[in-house]
Amino acid sequence: MRIKLDRTICDGFGACAKHAPEYFSLDDWGYAALVGNGEIPAEDHDAVTRALLDCPVHAIIDMGDHRPPGDGAAHHDAQETPEPDPKTEDSEAISGFVR
């Protein structure tokens, strides 16, 4: 699991530090800061997930699992999706409109 904390959204409720104090610290005003790089080991997923779910302003973002490729090389399997043609018989999305 990998998380990110958006400090611009945090309102200082402190639920994250209550549930996972080893990953979230609070400043003097109660605003959270992420401790570490956001990589969460499997044994701490439950506590961090509880912190994520209990954040009333959704300042904690689950970035998914970070799994580096086995060979160390970057994989570029993603293919570019062609742009859809917006013009259909029922739509005037593409018309002769000119300013």
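Trainee: What is the relative accessible area of K4, and how do I read the value?

Mentor: K4 has a relative accessible area of 43%, so K4 is partly exposed. The cut-offs are under 20% for buried and over 50% for exposed. Bear in mind that this is a predicted model.

Trainee: Where does K4 lie in the secondary structure?

Mentor: K4 is part of strand β1. The general idea first: in a regular strand, side chains alternate between the two faces of the sheet. In β1, I3 and L5 make up the covered face, while R2 and K4 are on the uncovered one.

Trainee: Which strand does β1 pair with, and how many bridges join them?

Mentor: β1 is joined to β4 by 4 bridges, and the two strands run antiparallel. K4 has I61 of β4 opposite it. Pairing of this kind shows up in distances too: K4 and D62 are 58 residues apart in sequence, yet their C-alpha atoms are 6.6 Å apart in space. With neighbours within four places in sequence set aside, the contacts of K4 are L34, A59, I60, I61 and M63.

Trainee: How many helices and strands does the protein chain have, and what pattern do they follow along the sequence?

Mentor: The protein chain has 2 helices and 4 strands. Along the sequence, the pattern reads β-α-β-β-α-β. For contacts with a separation of 6 or more, 61% join residues 24 or more positions apart.

Trainee: What share of the residues counts as buried?

Mentor: The figure is 23% of the 99 residues in the protein chain. As for the accessible surface, the protein chain has about 7,800 Å², and carbon and sulfur atoms account for 50% of that.

Trainee: Which residues touch the most other members of the largest nonpolar core?

Mentor: I3, F24, V48 and I60 do, in a core of 17 residues. Among the elements, β1 (2–5), α1 (15–19) and α2 (45–54) each give two or more residues to this core. The biggest contribution is that of α2, with 3 residues. To see how one member is placed, take I3 from the covered face of β1. Not counting residues up to four places away in sequence, I3 touches F24, L34, G38, I40, V48, I60, I61, D62 and M63.

Trainee: How do I read the faces of a helix, and which residues of α2 are buried?

Mentor: An α-helix has 3.6 residues a turn, so residues three or four places apart point the same way. In α2, the buried residues are V48, A51 and L52. Viewed down the axis of α2, the buried residues stay within an arc of 100 degrees, so they line one face of the helix. The face turned away from that buried side carries D46 and L53, both exposed.

Trainee: What do the buried residues of α2 pack against?

Mentor: Their partners are β1, α1, β2 (24–26) and β4 (60–64).

Trainee: How many salt bridges does a search of the whole structure find?

Mentor: In general, side chains of opposite charge can pair when their charged atoms come close. The search finds 2 salt bridges here. One joins the side chains of E39 and R2, at 3.4 Å from N to O. E39 is in the loop between β3 (32–34) and α2, and R2 is in strand β1, so this pair ties together parts that are 37 residues apart in sequence. E39 is partly exposed at 32% relative accessibility, and R2 is partly exposed at 33%.

Trainee: What is the phi of H58, and how should I read it?

Mentor: Most residues other than glycine have a negative phi. H58 is not a glycine, but has a positive phi of about 60 degrees. H58 is found in the loop between α2 and β4. With a relative accessible area of 57%, H58 is exposed.

Notes. Residues are numbered from 1 along each chain as its sequence is written. This is a predicted model: local features need pLDDT of at least 70, side-chain atom pairs count only at pLDDT 80 or more; totals for chains, interfaces and linings use all residues. Side-chain values use heavy atoms; hydrogens and water are left out. A nonpolar core is a set of buried Ala, Val, Leu, Ile, Met, Phe, Trp, Tyr and Cys residues joined through side-chain atoms within 4.5 Å. Buried means under 20% relative accessible area, exposed over 50%, partly exposed in between (1.4 Å probe, protein chains only). Contact means heavy atoms within 4.5 Å. The arc is that of the directions from the helix axis to the C-beta atoms. Accessible areas come from the Shrake-Rupley method with a 1.4 Å probe; for residues, only the protein chains shown count as cover. Two strands pair if DSSP finds at least two bridges between them. A salt bridge is a side-chain nitrogen of Lys or Arg within 4 Å of a carboxyl oxygen of Asp or Glu.
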